[in-house]
Amino acid sequence: RMYDAFPAAQEDLRLSLLVSLIGGVLGGSAAACTSNPADAVISELKKSTSGITPRGAVAIMLERNGIATFFVGLPLRMVFYSLTASMTFVVYDFVRFLLRIGPDDLKLYLDVLGGSLGSPSS
């Protein structure tokens, strides 16, 4: 959808890299916010010396510091995930421009690939 808002970014390297960078930061931040609570519960389970269940770990965490316990370490995780995702997108776009592969070329390739995978062989 970002390319719909900035159609010139599909053909201009700098704009495309900027869109990739912004998309990576947004995607990485969303992924960090989504996965951090589950990772916090897993960390609590690993720290526990008794065999508590995930529900027990959640109850202990809520008693200790409330809902904030699930988001300990979130800023660092957001930076890491955002950096990882944005660099992946930027490298992809850079290689795509380096090889002079346009969006239409990728769409055509995926259409051909989808057609060959979807049709039964005789």
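## The nonpolar core

A nonpolar core is a set of buried Ala, Val, Leu, Ile, Met, Phe, Trp, Tyr and Cys residues joined through side-chain atoms within 4.5 Å, where buried means under 20% relative accessible area for a 1.4 Å probe, with protein chains only. This model is predicted, and local features need pLDDT of at least 70, side-chain atom pairs count only at pLDDT 80 or more, and totals for chains, interfaces and linings use all residues. Residues are numbered from 1 along each chain as its sequence is written, and side-chain values use heavy atoms, with hydrogens and water left out.

The largest nonpolar core has 5 residues: Ala40, Val41, Ala57, Met61 and Phe70. Two or more of its residues come from each of α2 (13-47) and α3 (54-65); helices are DSSP runs of H or I, at least four residues, numbered from the N terminus. Beyond neighbours within four places in sequence, Val41 is in contact (heavy atoms within 4.5 Å) with Pro54, Ala57, Val58, Met61 and Phe70.

## Helix α4

Helix α4 covers residues 74-98, 25 residues in all. From first C-alpha to last it reaches 35 Å, close to the 36 Å expected at 1.5 Å a residue, a span taken as 1.5 Å times one less than the number of residues.

Leu74, Ser82, Ser86, Val90, Asp93 and Arg96 of α4 are buried. An α-helix has 3.6 residues a turn, so residues three or four places apart point the same way. After α4 comes Arg100, with a positive phi near 55°.

Technical notes. Buried means under 20% relative accessible area, exposed over 50%, partly exposed in between (1.4 Å probe, protein chains only).
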